[in-house]
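Hi,

Here's the structure I promised to send over. Have a look at it first, and then read on for what turned up.

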Amino acid sequence: MPAEEVARLRNVAVVGQGGAGKTTVADALLFAGGAVSRFGRVDDGTSAFDTEPEEQRRKTTITAALHHLAWRKHEVNLIDAPGYSSFLHDARNCLYAATGVVFVLGPTGGEVKVEAEKLWGWLGELGIPAVAFVTRLDRERADVEHALKDLAAIGAKPALLQLPIGREGEFRGVVDLLTGRAHVYQGDSGVVQEGAPPAELADEVRAARERLVETIAEANDALLEKYLEGVELSADELGAALRDGARAGKFVPVLCGAAGRAIGLHPLLDAIVDLLPSPADLKPWEGDNPKTGDRVERTADPTAPFSAFVFKTIVDPFAGRLSVLRVVSGRIHADLNCINSARDVRERIGHPLKLEGKKQTQVAAAVAGDIVAVAKLKDVASGDTLSDEKAPIVFAPLPDAPAAISFAVAPKSKADDEKVMQGLHRLMEEDTALRVHRDEQTKEFVVSGTGQLHLEVVIERLKRKFGTEVELKAPKVPYKETIKGSAKAQGKYKRQTGGRGQYGDTWLELGPLGRGKGFEFEDGVVGGVIPRNFIPAVEKGIREVLPHGILAGYPIVDLRVKLYDGSYHDVDSSEMSFKIAASMGFKKAFEMCKPVLLEPIMTMNVVVPDECMGDVIGDLNSRRGKVLGVEPKGNGQEVIKAHVPMAEVLRYAPDLRSMTSGRGDFALEFSHYEEVPPHIAEKIIKEAQATRVERHA
Ligand SMILES: Nc1nc2c(ncn2[C@@H]2O[C@H](COP(=O)(O)OP(=O)(O)O)[C@@H](O)[C@H]2O)c(=O)[nH]1
Ligand SMILES: [Mg+2]
């Protein structure tokens, strides 16, 4: 029965701080579940999840990878997510596919940092339940109590389900506090034996069990009453309340292990099946009907109309572009016709695929809730919705990743320009945090991303996948030039030495225009002092000066020029002589009009913890920023909105990181142009003149 199939699904994202041991947990789960015959290892490059060369070189996850296993007749889709801040947006995207998470942390204390805190916040926002797994208990100074403190520090309420047996190198198993049974592992083999717990742990087990029962009861009114009356709670009652409390996010069940030594994974698989919800247990997904604009919803019902959300895209060298999606409702099967409802494009599903690390296997069909990949769709990007043409729905797209840092990319060989741009656009399909544009003025390709490490990886991928080598440089600030005053000047060009001469004579009046108005030319010549056919040449002569600037080589904008007088010569005047005359007159008048530099001003949204607000605002002021407002974001954070000159925030990310101990976040976008203050303009002009001289030397 298909509905039963849905109830047997678990989509589990393995999340947590970078380096916590997540990928090892994911590999160990595959091994424990029998999905692979060999335990893949991050450290020797055999992990089923960290398969990209950029990941293997760094021994760290950069992009989420998927695999699946079967456990007690349940199908578990595993997503191994990155944990370092530069790649955390990818973990966030994966939460749209997850019905629950395994939150991995280590036992040495102080291990959860900003990323774990952010993840925990997102789980709350999206209503995704978690079980926590304290791994690496075989390490020196490991103590599960450290992990419990860490969890409390990020706002989680831990419910410890197990006690470790043996410390550090002697760690070999766990005691299940509810059943009272011990699971002891033989070496690193993953072979487990169940039995009575060691006698010397009896007191500890009793106390820990008491603490657990209390935590479970506190989250359940009916149980709490019984508990306070001293009534013994049955195993069934406790089990059900544990599941309900965990799914409601009232506490987080905590399990113990050492994934690297294959210890503690079977109980974790049990917890995934017993405590985390199936897609059928979750709220319906809401979306819009693109035809009517009505709000509609979809439950994970295999008999409902088909809908699916694309949460990830993989550009595979062999299979082409793979769209990875969560089937939200209905079924997906080979040869299914549907639409990309966000773009109103018809699409046809070839074969649904199950992802198995870097491999894929075809499946005939998949039901609501399941995760599959589809190759070679025509026009589908991450964040799009596929749906039944007769029942269209569009789910909200993926959240934007903050564009925190920008660099100019310079191809090492000029001939690679086109290839670099194409490669970057292919990479953008996979990487929702990468943005690329060509600055029309500076002619640079500018790439923006979440951090330096992110863009370094982009460059490595560009080289590996497309064979193009580039360098990262700080982008140039696209300054502009304009005038503040008005003036009149003559431009006269006269060459009359033998043969046919040159003669052009113009009188121009310049004046400022409003910001963003560009350039206007007015023909105010009366009485034919300049013949009609030369007037376009006058305008052309001026327009040719504009892009190259006069003050410091930046484009001239926001001014008007009126041609109001002049003279000509019957024989010597030509278009060329009027073009030259006009450009001379324009330059002369421009210098007389109080020319100034304009600089781009960015709108910034900076999210910081309350206690850092003063420092961050002070710093924004010192960067010539104007704070426009501060709004509370909840959970102790504030959003500062400010206008700041682009030149002052080219390298803001590392500074914000150190001011907020890594807890701040920001995004910026272009707002408008403003005059550069004179003392700063002077420096820019000097520098520009120096490089001009250099270039001409
Ligand atoms: N001693 C020990 N080391 C572990 C264990 N699990 C992971 N590690 C090591 O910790 C490092 C980070 O692990 P990894 O799974 O890549 O962490 P991730 O960044 O959270 O995915 C690797 O060098 C692992 O070998 C464990 O249970 N015991
Ligand atoms: Mg990892």
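Which residues are the protein donors of the magnesium ion (ligand 2)? Keep in mind that this is a predicted model. The donors are Thr23 and Thr61, each through its OG1 atom, and they lie 2.0 Å from the ion. These two come from distant parts of the chain, 38 residues apart. Thr23 sits in helix α2 (residues 22–32), whereas Thr61 belongs to the loop between α3 (53–58) and β2 (65–71).

Now for the overall layout. The protein chain is split into domain 1 (2–197 + 249–281), domain 2 (290–387), domain 3 (406–473), domain 4 (481–593) and domain 5 (599–679). If you take the centres over C-alpha atoms, domain 1 and domain 5 are 37 Å apart.

Asp335 is not a glycine, yet its phi is positive, near 65 degrees. You'll find Asp335 in the loop between β16 (331–333) and β17 (337–340), and with a relative accessible area of 45% it is partly exposed. Lys376 also has a positive phi without being a glycine, in this case about 55 degrees. Lys376 is in the loop between β22 (371–375) and β23 (385–387). Its relative accessible area is 62%, and because exposed means over 50%, Lys376 falls in that class.

Cheers

How values were computed: Residues are numbered from 1 along each chain as its sequence is written. Chains are lettered from A and ligands numbered from 1 in the order in which they are written. This is a predicted model: local features need pLDDT of at least 70, side-chain atom pairs count only at pLDDT 80 or more; totals for chains, interfaces and linings use all residues. Side-chain values use heavy atoms; hydrogens and water are left out. Donors are N, O and S atoms within 2.8 Å of the metal (3.2 Å for Na, K and Ca); water is not among the atoms, so sites may look incomplete. Helices (H or I, at least four residues) and strands (E, at least two) are DSSP runs, numbered from the N terminus. Domain bounds come from an automatic or database domain assignment. Buried means under 20% relative accessible area, exposed over 50%, partly exposed in between (1.4 Å probe, protein chains only).
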